[in-house]
Amino acid sequence: MKFQKKLFKSDMVSYIRKIIRGGWRNFKRQGFLSFATALIIFIAVMLGTLLFVFENGVNYFSEKIRDKMDVSVYFKESVNQETILDLKGQVEKLPEVKSAEYVSPEAAYEAFSKTHKDDTFSQSLQAIQVNPFLASLKIQTTKPEQYKIVASFFEKEEIAPYVREVNDHKRGEVIEKFSKIATDAESIGLVSTIILSIIALIITFNTVRLSIHSQRMEIEVMHLVGARNSLVRGPFLIQGMISGFFASLIAFILSAIVIFLAKDKIFAMTDGFDIWSIYMANLSVVILVQFGIGIGLGLVASYIATRKYLKG
Amino acid sequence: MIEFKQVSKDYVSNIGKEVKPALREVSFSVKDGEFITLCGRSGAGKTTVLRMIACEEKPTSGAVLFYGQNTIDIKEKDAYTIRQQLGFIFQDFKLLPYKTVFENVAYALEVIGQDTKKSKDEVMKVLDLVGLTKKANRFPKELSGGEQQRTSIARALIHRPRVILADEPTGNLDPYHSRDIMKVLMKINEAGSTIILSTHNKEIVNAIKKRVITIDDGRIVRDEENGMFFI
């Protein structure tokens, strides 16, 4: 009991310092074990970073697909702008509608000319000197599948006479198909995130466990010399955290370099997916996630692994 | 003072669940400052006695009292309070491989919460006592068997324990180093520490001329002052 009191009275700060110093010393001296642990944690952190990029990529593309999936309603030539804007106001009130944009015949003509400025269509259009385009409303729904609600709005008895065409019948199948692809891609992203995270966790736990298992004799000696569980476990936890810290640091630097170098190619290949901007905009989250995964994995894996060898 | 009162210990084998008695109704007591040699064949129960004192094992029946405290009442997580009052010397040294000689010895002071700065002088003094001052910064793998055992002794006595338990400390050493180690242990005992030595080395037992407890098949068969090796 005398010894217990002596320890209780001892300076807590010095006790913690001893644990931290012990962990740091073990990390430095157990070169290969530390390297192996850090390497596995590094892979887990890189996997996490890759999933972050993948997740953002999937979101970007599914958003892009959804943005392109609008319902265009073309009005008869006789319908004036006020009536169309009034209908626009009504359709915007539908809860399923995200946005509605009025496109005048002039704007449609201009957009067409711009898109086809170098081909024969544009020249033919100029030759006839007539604007064949109709005024239209481009309507986006919250979910692409809701296009039918918009279509049925314009099929109402009092509105139908103004409408020349609602293009949902042509686009319906395409909208549903792409909408399914976008939903599937998101689900695949989520499932792969979960599966890969579990795999990373299992591999890291096992590596740390093997590393600590190889030191079980030392843990026994520490106990026999009279070390309390906290003094035995503490340096292992610190060592795990240090391994995680360095693994995260390297992963952070490396991922930043790779994303920076690949940003232009990705941008060109994907028609506008600016991963670098997303990375920089979420930098604090990226750092938090990378260091959280790294240090957290090192700490938790060491805690669980040492529990087996601690007594009482 | 340490007391064994009718202590029996049974081990149950994993295969076949066969009960193997390691100690059978063992009773003896150890006074402060005594030098006791436990001798007997391998597997006679000597190490079990030492492990019971260190709270590594609990008796199946009977009681082990460590300065009045029944070890059976001590929870596993609190066993360190007993171990901090002991010094342990092992046949295979059991040094921490990633710590230097100095750090291995200082570790015994760390576990009782002694300040590192204060420890430095004490560790150097003890290393001087065992003749390892010049090798303080070496790692265990860089030492000979005798030097490793002297490090283990230094670690066992640095915190001035009430009792030193030495389990076959010369088992892995040549006769020259064995004599060396025994001289150190005798010196420590003369300074007032209680020593319980387990050995089956006839020359050593006969040379010490102290109390000898002979254990055979888990039973004490002889307990003599100035005893001799007898199996």
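**Helix packing and sheet order**

A: In this predicted model, helix 2 of chain A and helix 10 of chain A are oblique to each other.

Q: By what is a pair of packed helices described?

A: Two packed helices are described by the angle between their axes and by the distance between those axes. Here helix 2 (residues 12-29) of chain A packs on helix 10 (residues 229-270) of chain A at about 55 degrees, the axes being 7 Å apart. The crossing of helix 2 and helix 10 of chain A is right-handed.

Q: Which residues make the contact?

A: Helix 2 of chain A contributes A:I19, A:I20, A:G22, A:G23, A:W24, A:N26 and A:F27. From helix 10 of chain A come A:L231, A:G234, A:P235, A:I238, A:Q239, A:I242 and A:S243. Sorted by class, this contact has eight nonpolar residues, six polar and no charged ones.

Q: In what order do the four strands of the open sheet in chain A run?

A: The order is 2-3-1-4 in chain A, with antiparallel pairing. Strand 2 (97-103) and strand 4 (163-166) of chain A each have a single partner strand, so one side of each has no neighbour in the sheet. From one strand to the next, the twist averages 20 degrees.

Q: How many bridges join strand 2 and strand 3 of chain A?

A: Six bridges join strand 2 to strand 3 (residues 136-141) of chain A, in the antiparallel sense. A:A100 has A:I139 in strand 3 of chain A as its bridge partner.

Q: Which helix lies across these strands?

A: Helix 7 (residues 147-154) of chain A lies across strand 1 (71-75), strand 2, strand 3 and strand 4 of chain A, at about 15 degrees to strand 1.

Definitions and conventions:
Residues are numbered from 1 along each chain as its sequence is written. Chains are lettered from A and ligands numbered from 1 in the order in which they are written. This is a predicted model: local features need pLDDT of at least 70, side-chain atom pairs count only at pLDDT 80 or more; totals for chains, interfaces and linings use all residues. Axes are lines fitted to C-alpha atoms, for helices over the stretch in contact, and angles run from 0 to 180 degrees between N-to-C directions. Helices (H or I, at least four residues) and strands (E, at least two) are DSSP runs, numbered from the N terminus. Angles under 35 degrees count as roughly parallel, over 145 as roughly antiparallel, 65 to 115 as roughly perpendicular and the rest as oblique. A crossing is left-handed if the near helix is turned anticlockwise from the far one by less than a right angle, and right-handed if clockwise. Two residues are in contact if their C-beta atoms, placed from the backbone, lie within 7 Å. Ala, Val, Leu, Ile, Met, Phe, Trp, Tyr, Cys and Pro count as nonpolar, Asp, Glu, Lys and Arg as charged, and the others, Gly among them, as polar. Two strands pair if DSSP finds at least two bridges between them.
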